[in-house]
Every structure is written in C-alpha cells, then in structure tokens.
Amino acid sequence: MTTPHSQVLFLCTGNYYRSRFAEYLFNHHAPDYALPWRAFSRGLAIELLKDDAGPLSPHTRHGLALREIPIEPIRAPLALTEQDLATARHIVALKQTEHRPLLHSRFPDWVERVEYWQVDDIEDAHPNEALPQIEAAVLALLQRLSDG
C-alpha cells in the first residue's frame with residue numbers, strides 16, 4: 001500500500017462496524033483540516049464474524065448515511081497484517097480491553113505503539129452511544145494531527 005499520504009490505521013475485532021465507521025469518518029473530514037492523511041481499517045479477528053454478516057455493518061451504514069458520508073465502494077472486512085501495521089504512521093484500536101490482548105497474541109511487537117480508545121462493541125453499547133463516541137474521538141484525533 002503506497003501513498004503520498006500519511007496513514008492512520010483503525011483496528012477493531014471484525015473490521016465490520018467500529019473501525020470502518022472511524023475510517024470513513026476520518027477520510028471524510030481530513031480535507032477540512034488540510035491534512036495529507038488517509039485512514040484505513042483492519043480487523044484483529046475477522047474469523048469471528050458470522051458467515052452471512054455481509055461486507056459492512058448496517059449500523060455503520062446508517063450512522064454514515066445520517067452524516068451524509070458516502071460509503072461507495074464497499075469492500076469486505078480485511079484481516080490485519082504486519083505490513084498494515086508497518087504502513088501506518090498512527091494506529092488506533094477502538095477498545096483497549098478487547099483489542100490489546102488480541103494484539104498481544106498476534107502482533108506482540110506492536111502492542112505499545114497503539115493508541116487505545118474505549119468504544120464498546122454492539123453487545124455493550126447501542127450504536128446511538130458508540131458512533132457519537134467514535135465521531136468525537138476521530139474529530140479530536142484530526143485536531144491533534146492538525147495541530148502537529
């Protein structure tokens with residue numbers, strides 16, 4: 001993955017809901033901050049997704065539609081690789097208690113290089129709570145990056 005942009009990598013478990021919302025939101029708003037950054041997202045354990053889940057959470061689709069953020073083209077969830085980690089200039093995992101152990105078991109050299117947020121998955125937080133949390137955190141990250 002080569003690009004003239006610096007890249008931020010958003011991680012969640014399935015690369016289906018939270019990290020994808022963060023990715024689309026970041027990429028939509030980055031030009032407003034005049035940042036040469038692009039986001040991409042990956043999952044730490046996409047094998048846990050149900051076979052019939054589809055390419056993108058309906059909650060992510062709905063949250064982005066409410067914000068008038070386009071989502072085409074839609075791709076399938078992607079598993080995290082070592083190359084993804086190496087490509088990213090900044091890495092964010094959406095939930096420390098959920099993702100730190102997965103990183104530790106699969107990519108132990110990267111555990112301390114990740115910024116951890118505290119956004120619960122669908123079982124523990126309704127999208128009406130989780131998506132605004134992600135939105136606020138993404139906008140704060142954009143501001144931090146803009147401030148240098």
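Q: Which strands and helices do the buried residues of helix 5 pack against?
A: The buried residues of helix 5 pack against strand 1 (6-12), strand 2 (37-43), strand 3 (90-93) and strand 4 (115-116), and also against helix 1 (18-29) and helix 2 (58-66), where contact means heavy atoms within 4.5 Å. Helices (H or I, at least four residues) and strands (E, at least two) are DSSP runs, numbered from the N terminus. This is a predicted model, in which local features need pLDDT of at least 70 and side-chain atom pairs count only at pLDDT 80 or more, while totals for chains, interfaces and linings use all residues. Residues are numbered from 1 along each chain as its sequence is written, and side-chain values use heavy atoms, with hydrogens and water left out.

Q: Which residues of helix 5 are called buried?
A: Pro127, Ala130, Leu131, Ile134, Val138, Leu141, Leu142 and Leu145 are buried, a word that stands for under 20% relative accessible area, against over 50% for exposed and partly exposed in between (1.4 Å probe, protein chains only). Seen down the axis of helix 5, these buried residues fall within an arc of 105°, so they line one face of the helix; the arc is that of the directions from the helix axis to the C-beta atoms. An α-helix has 3.6 residues a turn, so residues three or four places apart point the same way. On the face turned away from the buried side, helix 5 carries the exposed residues Asn128 and Asp147.

Q: How do you know that the span of helix 5 agrees with its 21 residues?
A: The expected span is 1.5 Å times one less than the number of residues, so the 21 residues of helix 5 (residues 127-147) should span 30 Å, and the end C-alpha atoms are 30 Å apart, which agrees. Just after helix 5, glycine 148 takes a positive phi of about 85°.

Q: Why is the unit of strand 1, helix 1 and strand 2 called right-handed?
A: A crossover is right-handed if, with the strands pointing away from the viewer, the path from the first strand over the helix to the second runs clockwise, and the β-α-β unit of strand 1, helix 1 and strand 2 is of this hand. Strand 3, helix 4 (residues 96-106) and strand 4 also make a right-handed β-α-β unit.

Q: Why is serine 19 called buried?
A: Serine 19 has a relative accessible area of 0% and therefore counts as buried. This residue of helix 1 touches Phe10, Leu11, Cys12, Ser41, Arg42 and Leu94, not counting residues up to four places away in sequence.

Q: What makes valine 119 buried?
A: Valine 119, in the loop between strand 4 and helix 5, has a relative accessible area of 3% and is therefore buried. Leaving aside neighbours within four places in sequence, valine 119 is in contact with Arg18, Leu94, Lys95, Ala130, Gln133 and Ile134. The C-alpha atoms of valine 119 and leucine 94 are separated by 5.6 Å, although the two residues are 25 residues apart along the chain.
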